[in-house]
Amino acid sequence: MRTFLDCIPCFYRQALDASRLAGATEENQKLILDELASVLPGIEMASPPPEIAISIYSIVNRVTGHTDPYKELKNKGTDLALEIYGRMKDMVSSSADPLKIAAELAIAGNIIDYGAQYSFSLEEEIEKILADFSQSSSNGNYAVFDFDDFKKQLGRSESILYLADNAGETVFDRILIETINDIYGGRKVIYAVKEKPVINDAVTGDAVRAGVDSCAEIVSSGSYAPGTLLSVCSPEFLKIFEKADMVISKGQGNFEVLSDVKRSVFFMFRAKCAIVARDIGCRIGDAVLFYKKTGQEGVPEKYMRQGSKK
């Protein structure tokens, strides 16, 4: 997915949010925005937004001297999600379709995203996840939800690559992976995290804190962008990405960088901006499970709203 002009104000907001969280003075916040303003004229609009975000967060890190300003929020998000882990497991085990419920919960957890919105109450959001989940699950009204394909592919895949997104959300991912293991025993699940901190994206320590190491092998993708940007991923990860029977990709950032890749991918996320919602054919806030088939470029016309253009 390319960058649109509508993305540029969001770049400034992300830079300002990160600089404030890192404790930057007002003078340094202005310096960060000024440096960003000098970088943006040279960006390639054909690049996906997470690729451009690398420059944003490198400026913030250099000026503030803080390489992981979201660390405390990441830990808090994980700990709060762990507090409702038991409740979510009960929801899955008591369901007539545990896999579907686990998948819906995994997508619901994608709302924990400080890159998309910084000013919100995490405690309230955790409870809202369950309330929203109950409502959406009961009416089954999803604009894009390729669950039948998801289930079929799980049934014939021996190796599954699961691309992580945010810390806290990792607990929801754990529940889905555990459910997959319960139903399809013997599958090899690899859980790929970022190489180093960027926004509240999960790194190895965040995944371990969530308990993902108990149900999957945790690896670094090598990416330091807020998305699994293949051009900066490690050679070792690229081999895993190429050879995996199935790729499950969590989060909007991963959709932005991988929506045009020429291999099959299951994208699971909450649509958080108008550009992505328009492209995928849903509303902002909708849960999405989208199956992009091998060789397919972009989003099929059956999902795209009239007037939407890639």
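The structure holds zero disulfides, a disulfide being a pair of cysteine sulfur atoms within 2.5 Å. The sulfur of Cys10 lies 7.1 Å from the closest cysteine sulfur, that of Cys7, which is too far for a bond. Cys10 is partly exposed, at a relative accessible area of 28%, whereas Cys215 counts as buried at 13% relative accessibility; here buried means under 20% relative accessible area, exposed over 50%, and partly exposed in between (1.4 Å probe, protein chains only).

This is a predicted model, in which local features need pLDDT of at least 70 and side-chain atom pairs count only at pLDDT 80 or more, while totals for chains, interfaces and linings use all residues. Residues are numbered from 1 along each chain as its sequence is written, and side-chain values use heavy atoms, with hydrogens and water left out.

The protein chain contains 13 helices and seven strands, taken as DSSP runs (helices H or I, at least four residues; strands E, at least two) numbered from the N terminus. Of its 310 residues, 56% are buried.

Helix H4, residues 71-83, has 13 residues and reaches 19 Å from its first C-alpha to its last, close to the 18 Å expected at 1.5 Å a residue, where the expected span is 1.5 Å times one less than the number of residues. Within H4, Leu73, Lys74, Gly77, Thr78, Leu80 and Ala81 are buried. They lie on the same side of H4 because they cover an arc of only 165° around the axis, the arc being that of the directions from the helix axis to the C-beta atoms. The face of H4 turned away from this buried side carries the exposed residues Glu72 and Glu83.
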